[in-house]
Amino acid sequence: MAGDERDHGHEHLSETELRVRALESLLVEKGLVDPATLDTLIETYETKIGPRNGACVVARAWLEPDYRDWLRRDASAAIADMGYTGRQGESMYVVENTPAIHNLVVCTLCSCYPWPVLGLPPAWYKSAPYRSRAVIDPRGVLRDFGTELAADVEVRVWDSTAELRYLVLPERPAGTDGMDLEALAALVTRNAMIGVETVKAPAGRSGA
Amino acid sequence: MNGAHDMGGMHGFGPVVAEADEPVFHAAWERRMFALQLAAGALGRWNIDMGRAVRENQPPGRYLASAYYELWLHGATTLLLQAGIVTGEELASGRSERPADPALVARRLPPERVGPALARGDRFRMDEGKPARFAPGDSVRVLNRHPEGHTRAPRYVRGHAGIVLRDHGMFVFADASAAGERVGQHCYSVGFLARELWGREAPPRDRVFVDLWDDHLEPA
């Protein structure tokens, strides 16, 4: 049976590949799509727009109290100031982790995600396990990522049901005094900006 | 619609499994499908809510069995067919049987305009002018409605009471936008106690925030 399922899955995939190829040929022949445009779109999200952008926003917020205030007041403008604007990040809202509050972002209905600062979402973010459980069992989801929260920490889950896009501002780890923006940004992971992880201190610099 | 896409609170899908060093795309066809959806969308014949509506409007079994970009393929072909831009025969053969409308061809996105178009994004905010029905701190209840068409009010909050945290301002109302109607309403972040949604076993202070429009809410 397992072999049958594999074969079936393989045929299914091949049929999908053929349908996508046919769709591209058709739209190109009709003059509605330029293949070079497709290449540019792909290259943009594979190499230019990704979580490094969001990490720079977070690092700057850690370094500059005025910038952090600006993010709280008007996240779209503050993030645009770093050059990150546009598609699927038109209206940004930043949620801030503190010792007492932990934030987690999901889109239960589809896959809404702040593209300009994080790029395209990872597969797990779009998956049924995450979309179903993030709202009913956020602490269990966090444990799937090895993140254990104290019982007295308040969990806030943000379901991206409209055109607001959410970025978690994680807590700055201890042991990072004196680090510059680039060094701090290198510590900030995509998962921390979705809220499934915390930012870890660099090895050998734990402040604890 | 009460479809399989509306997953909040469902059980049985198992743990969240993250892939180490995950690539942006997992196969060549995913890359092309992603870009085709954006390039076809740039023709301006549909909006993002219509796109979501056709992706979710499927038998639940098929939705759940589809890979993510297969849902995009289904969505893009459905929209192209509905808009009369392609025919089923053309999609099957990959060959054009009649020329496209020149006005549509004129809207083709050239590669040099990709960057500016992405940086500009979409226009979801509407001009102010309609008074907000609710203010931060107001108690509200989500209407217990089950429309067959598109809605962004997930099932797990319907009938439940929450508190308005923030008025985001006027936004295109997604539920109407999916039917092609561009109307603005205030959109709010509404906070629900986990216990209100999931019962007494939920942690007492945990909350879920959902963005909802005026037409989803009533005073509580």
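Helix α4 of chain B is followed by Gly84(B), a residue whose phi is positive, near 75 degrees; helices (H or I, at least four residues) and strands (E, at least two) are DSSP runs, numbered from the N terminus. This is a predicted model, in which local features need pLDDT of at least 70 and side-chain atom pairs count only at pLDDT 80 or more, while totals for chains, interfaces and linings use all residues. Residues are numbered from 1 along each chain as its sequence is written, and chains are lettered from A and ligands numbered from 1 in the order in which they are written.

The 15 residues of α4(B) should span 21 Å at 1.5 Å a residue, and because the end C-alpha atoms of the helix are 21 Å apart, the two values agree; the expected span is 1.5 Å times one less than the number of residues. The buried residues of α4(B) include Tyr69(B), Glu70(B), Trp72(B), Gly75(B) and Leu80(B). Here a residue is buried if 20 or more other C-beta atoms lie within 10 Å of its own, exposed if 12 or fewer, and partly exposed in between, with C-beta atoms placed from the backbone.

Chain B as a whole has a mean pLDDT of 97, and 100% of its residues reach 70 or more; pLDDT is the predictor's confidence in each residue, from 0 to 100. Its domain assignment gives domain 1 (28-120) and domain 2 (139-219), such bounds coming from an automatic or database domain assignment. The centres of domain 1 of chain B and domain 2 of chain B, taken over C-alpha atoms, are separated by 29 Å. Five residues of domain 1 of chain B are in contact with five residues of domain 2 of chain B, where contact means that the C-beta atoms of two residues, placed from the backbone, lie within 7 Å.

Strand β1 of chain B (residues 139-142) has a covered face, made of Val140(B) and Val142(B), and an uncovered one, made of Ser139(B) and Arg141(B). β1(B) pairs with β2(B) in the antiparallel sense over three bridges, two strands being paired if DSSP finds at least two bridges between them, and the bridge partner of Ser139(B) in β2(B) is Ile163(B). Three bridges also join β1(B) to strand β5 of chain B (residues 217-219), again running antiparallel, and there Val140(B) has Pro219(B) as its bridge partner.

What does each chain give to the contact between chain A and chain B? Chain B gives 72 residues and chain A gives 62 residues. On the side of chain B that touches chain A, the elements giving two or more residues include α1 (28-41), α4 (68-82), β2 (161-172) and β4 (207-213) of chain B, and α1(B) gives the most, with ten residues. The residues on that side divide into 44 nonpolar, ten polar and 18 charged, where Ala, Val, Leu, Ile, Met, Phe, Trp, Tyr, Cys and Pro count as nonpolar, Asp, Glu, Lys and Arg as charged, and the others, Gly among them, as polar. For the complex, the predictor gives an ipTM of 0.98 and a pTM of 0.95.

Strand pairing also crosses between the chains. Strand β3 of chain A (residues 154-159) is joined to β4(B) by four bridges, and the two run parallel; Val157(A) stands opposite Val208(B), and Trp158(A) stands opposite Phe209(B). Within chain A, six bridges join strand β2 (residues 101-106) to β3(A), also in parallel, and Ile101(A) has Glu154(A) as its bridge partner. Five of the six residues of β3(A) are buried, so this strand is largely enclosed by the rest of the structure.

Chain A is divided into domain 1 (2-47) and domain 2 (51-194), whose C-alpha centres lie 31 Å apart. Asp180(A) is found in the loop between β4 (164-169) and α10 (181-187) of chain A, and it counts as exposed because it has 9 C-beta neighbours inside 10 Å. The C-alpha atoms of Asp180(A) and Arg19(A), which are 161 residues apart along the chain, are separated by 49 Å.

The mean pLDDT of chain A is 93, and 92% of its residues reach 70 or more. Over residues 1-10 of chain A, however, pLDDT stays under 50, and the model has zero contacts beyond four places in sequence for them. Where pLDDT is low, the predicted coordinates should not be read in detail.
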